[in-house]
Amino acid sequence: MWNFYDAQVPAQLRHFVSSATVIGLIMGLDTGLGVIIQPWMGLISDRLALRRTGRWPIVVAGACVAAVPFALIPWATSLPMLMLCIFTFGLTVNSFKGVTETLVSDYVAPQQRGKAQGFIKAGVSLTIIVSALISLLVVDHSLKAAFAIPPILMIVMVALSYRFLGRRHPTALRRENTDTDQADPFSSPWVVLKDLAREPSRARLLLMAGIFCFAGMWAALRSMTTPYGTEVLGMTRGAAGGIALPGAIAFLICVVPLAYLSHRLGELRMIRYGIALFVAGLLVGFAEPTPAFTAASVAIASIGYAVFSVNGLVALWSLAPNSRVLGAYTGLYTVASASGMALGPALLGVTVDLTGWRYMFLNAAVFGAVTFAVFTLVARRAERPLAPAS
């Protein structure tokens, strides 16, 4: 649902807004809600994790509520109605998205979480494929039907996940998660942030800065590719939305091997390699503005992003002060990534307004170079390997 949202809502906004900068800002606003919501929801889910039902009530309720405004997006006949749907969807989906990601820590041992993320991200790539297929096969025929399919699929899959995993939660809880004898010093997001800021090496803050940059770069590319396809390549809206399909296939093929390779080489080193590959892909798209080369460009960039998606959250988890704040640290990850997603599309939109759509991929490559510089600084400051959280 989220992938289809990124692919088609910008095109929906173009019915009411002509400026790429404004479209980028709107696409970032809903994600920016996560900056406020995710840390609190993370702490709440950490407390629920100690109970029989675990974090699942937040996930199930959030999925059911978020489906409604999403399905109503193509029915909006004015910009205020569309903005209401966008805001409500963003508010609701951000309340459970991070909690869903934290479920990994409930069912997987710390030393296996990096590899587990590889398989999970492979599943995520399947959602990108489904989103692209809906764009290719349904959007040009019935936009309302196309927006109805993803929320139906989401509710069905969340129900199945709860059916098979939710009942196993009591036995999946580990001793360190169920030990309530010691008082929890992290009672609010502000306490977590103070601990983050006082950490001597500042490794966590630098890592969050890198997450901010890479997430913003990826969100900008995702949000602007469909309008780029219609404006520069002369493609239909549905065909342009399907540009992501080769990238999703490449992501699916590579993400699990990349997770195992990252386990050997280290998270930060692999993320730097991924950024370099991401920038290379963007330059391919700029060099030859054709549908084939653009699809190849997105595929190469998707492999680079796969490296980050496997390692980013696991690296931050490994720096958490204890295992009882993993939900809160997932919230911090979302703060960094959501902030980047909020500003990235707008910043790239500004460059598009200044230089034109033809230079979009080159502009994104410049932002990619900045991201590489940030992670180079992170790697230099984090001299010792990332250690698992206690």
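## Helices α3 and α4

In this predicted model, the crossing of α3 and α4 is left-handed. Helix α3 covers residues 56–72 and helix α4 covers residues 79–107, and the two pack at an angle of about 150° with their axes 8 Å apart. Because angles over 145 degrees count as roughly antiparallel, α3 is roughly antiparallel to α4.

On the α3 side, the residues that meet α4 are Trp-56, Ile-58, Val-59, Gly-62, Ala-63, Val-65, Ala-66, Pro-69, Phe-70 and Leu-72. Their counterparts in α4 include Cys-85, Phe-89, Thr-92, Val-93, Phe-96, Val-99, Leu-103 and Tyr-107. Sorted by class, this contact of α3 with α4 comprises 16 nonpolar and 5 polar residues, with no charged residues.

## Val-232 in the loop between α10 and α11

Val-232 is found in the loop that lies between α10 (203–231) and α11 (237–241), and with a relative accessibility of 27% this residue counts as partly exposed.

Leaving aside residues up to four places away in sequence, Val-232 touches Pro-289, Trp-357 and Arg-358.

## Thr-376 in helix α16

Thr-376 lies in helix α16, which spans residues 360–381. Its relative accessible area is 13%, so Thr-376 is classed as buried, the cut-off for that class being under 20%. The side chain of Thr-376 is joined to the side chain of Arg-272 by a polar contact of 3.4 Å.

Note on methods
Residues are numbered from 1 along each chain as its sequence is written. This is a predicted model: local features need pLDDT of at least 70, side-chain atom pairs count only at pLDDT 80 or more; totals for chains, interfaces and linings use all residues. Side-chain values use heavy atoms; hydrogens and water are left out. Helices (H or I, at least four residues) and strands (E, at least two) are DSSP runs, numbered from the N terminus. Buried means under 20% relative accessible area, exposed over 50%, partly exposed in between (1.4 Å probe, protein chains only). A polar contact is a pair of N or O atoms within 3.5 Å; within protein, one must be able to donate a hydrogen and the other to accept it, and residues adjacent in sequence count only if both atoms are side-chain atoms. Axes are lines fitted to C-alpha atoms, for helices over the stretch in contact, and angles run from 0 to 180 degrees between N-to-C directions. Angles under 35 degrees count as roughly parallel, over 145 as roughly antiparallel, 65 to 115 as roughly perpendicular and the rest as oblique. A crossing is left-handed if the near helix is turned anticlockwise from the far one by less than a right angle, and right-handed if clockwise. Contact means heavy atoms within 4.5 Å. Ala, Val, Leu, Ile, Met, Phe, Trp, Tyr, Cys and Pro count as nonpolar, Asp, Glu, Lys and Arg as charged, and the others, Gly among them, as polar.
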